[in-house]
Amino acid sequence: MHTQPHQMDDCLETLKDEEEALWENVECNRHMLSRYINPAKLTPYLRQCKVIDEQDEDEVLNSHMLLSKISRAGRLLDILHTKGQRGYVVFLESLEFYYPELYKLVTGKEPTRRFSTIGWKRLSSLGLTHFLMNEIIKLQQQVKAKDVQRCELLAKSRQLEDERKQLKLNKIELLTFQERYNKMKEERNNYNDELIKVKDENYNLAMRYAQLSEEKNMAVMRSRDLQLEVRETLGTDLV
């Protein structure tokens with residue numbers, strides 16, 4: 001009579017230890033999970049599997065105490081931790097579906113997308129329809145976002161093409177100015193050469209003029225000397 005409660009306590013303790021061992025894998029990667037998980041993507045599936053309820057979802061997504069995506073993801077992990085093994089299994093299923101890389105990080109296994117029966121058995125027909133409709137809506141939103149992004153990229157592409165054409169015109173205009181500049185530079189160099197040549201000629205003429213002036217002065221002085229000599233000679237002869 002006294003052994004049965006003791007055995008039950010041991011069994012419960014063993015189950016609790018097993019659950020903690022399972023969640024230890026999650027806790028070891030809590031930082032990465034909180035950083036990259038978007039709780040809004042996981043809560044619809046978790047609710048349909050009845051792992052969390054509407055109140056849990058509202059707290060995670062709308063609580064004013066949770067100001068960042070990281071804090072909301074951390075709170076979701078805390079709530080799932082209280083759900084034991086079932087919370088762990090369904091959480092892994094949601095990771096495998098939405099975040100296969102994180103699933104591999106936690107489990108060390110490649111995702112197979114083969115969900116266990118725990119999640120699917122808890123999905124009622126209406127719940128499954130609702131879940132699938134949510135997924136379709138999300139996919140439609142993603143397609144719409146991609147279309148918007150594609151339109152933005154097309155507009156950006158047209159803008160870049162217009163800028164490329166304008167740059168091409170600017171390049172042609174720049175080359176034209178460059179040719180004109182080179183021609184003007186060549187003409188200026190030619191004029192400079194002519195100017196230097198004229199300056200050299202003027203210098204030579206000035207030097208020649210100075211030389212001739214000096215020769216003229218010497219000739220004048222020589223002429224005066226000769227005239228004096230002639231006068232002196234004539235005066236001597238007359239005496």
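**Reading rings and helices**

A: In this predicted model, F97 is partly exposed, its relative accessible area being 31%.

Q: Is Y98 buried or exposed?

A: Y98 has a relative accessibility of 13% and therefore counts as buried, since buried means under 20%.

Q: How is a pair of aromatic rings described?

A: One gives the distance of the centres and the angle of the planes. By the pairing rule, the count here is 3 aromatic pairs. In the pair of W23 and Y88, the ring centres are 5.7 Å apart and the planes stand at 70°, so the pair is edge-to-face. W23 belongs to helix α1 (residues 3-28) and Y88 to helix α6, so this pair ties together parts 65 residues apart in sequence. W23 is buried at 1% relative accessible area, and Y88 is buried at 7%. The rings of F97 and Y98 are also edge-to-face, because their planes lie at 80°, with centres 4.8 Å apart.

Q: Which residues form one aromatic cluster?

A: The cluster consists of W23, Y88 and F91.

Q: How are two packed helices described?

A: They are described by the angle between their axes and the distance between the axes. Helix α6 (residues 84-98) packs against helix α7 (residues 100-107) at about 135°, and the axes are 6 Å apart. The two helices are therefore oblique to each other.

Q: Which residues of α6 and α7 meet?

A: From α6 come Y88, L92, L95, E96 and Y98; from α7 come P100, L102, Y103, V106 and T107. By class, this contact holds 8 nonpolar, 1 polar and 1 charged residues.

Definitions and conventions: Residues are numbered from 1 along each chain as its sequence is written. This is a predicted model: local features need pLDDT of at least 70, side-chain atom pairs count only at pLDDT 80 or more; totals for chains, interfaces and linings use all residues. Side-chain values use heavy atoms; hydrogens and water are left out. Axes are lines fitted to C-alpha atoms, for helices over the stretch in contact, and angles run from 0 to 180 degrees between N-to-C directions. Helices (H or I, at least four residues) and strands (E, at least two) are DSSP runs, numbered from the N terminus. Angles under 35 degrees count as roughly parallel, over 145 as roughly antiparallel, 65 to 115 as roughly perpendicular and the rest as oblique. Contact means heavy atoms within 4.5 Å. Ala, Val, Leu, Ile, Met, Phe, Trp, Tyr, Cys and Pro count as nonpolar, Asp, Glu, Lys and Arg as charged, and the others, Gly among them, as polar. Rings of Phe, Tyr and Trp (its six-membered ring) pair if their centres lie within 6.5 Å; planes under 30 degrees apart count as stacked, over 60 as edge-to-face and the rest as tilted. Buried means under 20% relative accessible area, exposed over 50%, partly exposed in between (1.4 Å probe, protein chains only).
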